[in-house]
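Have the model open as you read along.

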Amino acid sequence: MRQLSNLTSYFVTEDVTLRDALIRLNESELQFLLVVDSDRRLLGTVTDGDIRRGVLRGVQLEDSLSQCVHSNPLVARHGSAKAKSLLHQVPFVPVLDEAEHVTAVLLRDSAEILIKEAVVMAGGLGTRLGSITKQTPKPLLPVGGRPILDHILESLELSGVQRIWIAVNHLSEQIEKFAQNRRSTAQLEILSEDRKLGTAGALGLITDRPAQPFFVVNGDVLTDTDFRAMSTFHRKHDHEGTIAVAHHQIQVPFGVVRHDAGLFSGIDEKPMIRHFVAAGIYLFAPEILSLVPRNQQMDMPDLLNEARSVGLRLGLFPIHEYWTDVGRPEDLSAADERHRQDVDDA
């Protein structure tokens with residue numbers, strides 16, 4: 001945790017224009033502004049994402065910043081022992097005195113915010129879920145009262161991701177509308193697949209390509225995985241790619257016969273077979289994007305095999321936390337029940 005005490009360059013009044021606020025954000029080391037009144041009492045905060053959502057709603061760059069202020073940010077009180085814990089939820093926390101004046105801002109350690117960009121693959125048909133995805137795209141199906149995509153975006157934002165591309169195809173207009181209306185802390189951008197490009201092909205649509213490692217997350221994955229832990233793991237092992245994997249086990253319903261050159265050597269009754277399976281979460285170095293052709297279909301296994309064949313190092317990040325691929329009706333029901341229970345227990 002770091003503490004920022006020299007706040008003069010971060011103070012702004014709500015009557016400045018969006019254009020002026022964007023200039024201030026671009027000049028700032030940290031991507032936020034503190035909106036204060038004439039006595040420097042906190043009125044709210046503004047991020048780049050707040051302003052971009054305002055523009056999507058029709059707010060003009062010459063309009064006042066008041067239309068984009070997040071007026072109810074998480075704050076800490078001076079001397080509170082709980083201040084540090086708030087940084088698990090947001091990247092910065094204003095500290096206020098009894099008169100609501102901002103005295104400092106608490107920041108996550110810079111080493112914690114390693115990955116700033118991500119891609120969410122949200123263009124699939126969701127055919128295994130049957131008729132429910134004919135009218136609603138799978139990423140927008142509700143789990144615990146919120147769309148699956150909302151859970152994914154929140155997890156990425158809480159890990160420090162600041163820019164997220166969402167790849168869309170099936171019922172894309174619904175996902176685009178959701179992204180426009182969502183109050184995101186990250187900057188959301190849409191990658192539109194004019195035709196189905198497979199599970200990795202949408203990566204070829206990125207024009208302003210990341211200069212640093214970035215996440216790729218399937219739009220039907222729900223997990224408690226710590227994305228920051230995955231990024232630390234990736235950097236420590238100096239990989240060009242890291243694949244999150246989960247344990248999956250299958251029980252063979254028969255006795256499996258072991259043999260040697262046709263001679264019986266033993267039998268295992270209904271054994272459990274355990275494998276690592278791809279969990280739909282990846283961390284890629286920018287050079288992997290050069291392997292993805294533009295506007296051509298490519299599935300993730302093909303991309304991973306191609307990366308390995310050209311000598312790129314791909315590591316595995318085992319997940320031990322909660323993880324599920326919401327691919328079947330029973331998976332959706334189980335995930336919904338779990339998340340509703342989490343809400344009830346909170």
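Both Y282 and F284 are buried, where buried means under 20% relative accessible area, exposed over 50% and partly exposed in between, with a 1.4 Å probe and protein chains only. This is a predicted model, in which local features need pLDDT of at least 70, side-chain atom pairs count only at pLDDT 80 or more, and totals for chains, interfaces and linings use all residues. Residues are numbered from 1 along each chain as its sequence is written, and side-chain values use heavy atoms, leaving out hydrogens and water.

**Aromatic rings**
- The structure holds 6 aromatic pairs; rings of Phe, Tyr and Trp (its six-membered ring) pair if their centres lie within 6.5 Å, with planes under 30 degrees apart counted as stacked, over 60 as edge-to-face and the rest as tilted.
- One of them joins F215 and F227 edge-to-face, at 5.1 Å centre to centre and 75 degrees between the planes.
- F215 lies in strand β13 and F227 in helix α6, so this pair ties together parts that are 12 residues apart in sequence; helices (H or I, at least four residues) and strands (E, at least two) are DSSP runs, numbered from the N terminus.
- F215 counts as buried at 1% relative accessibility, and F227 does at 4%.
- Y282 and F284 are stacked because their ring centres are 5.7 Å apart and their planes at 25 degrees.

**Strands**
- Strands β15 (residues 241–251) and β18 (residues 272–284) run antiparallel, joined by 10 bridges; two strands pair if DSSP finds at least two bridges between them.
- Within this pairing, I250 stands opposite I273 in β18.
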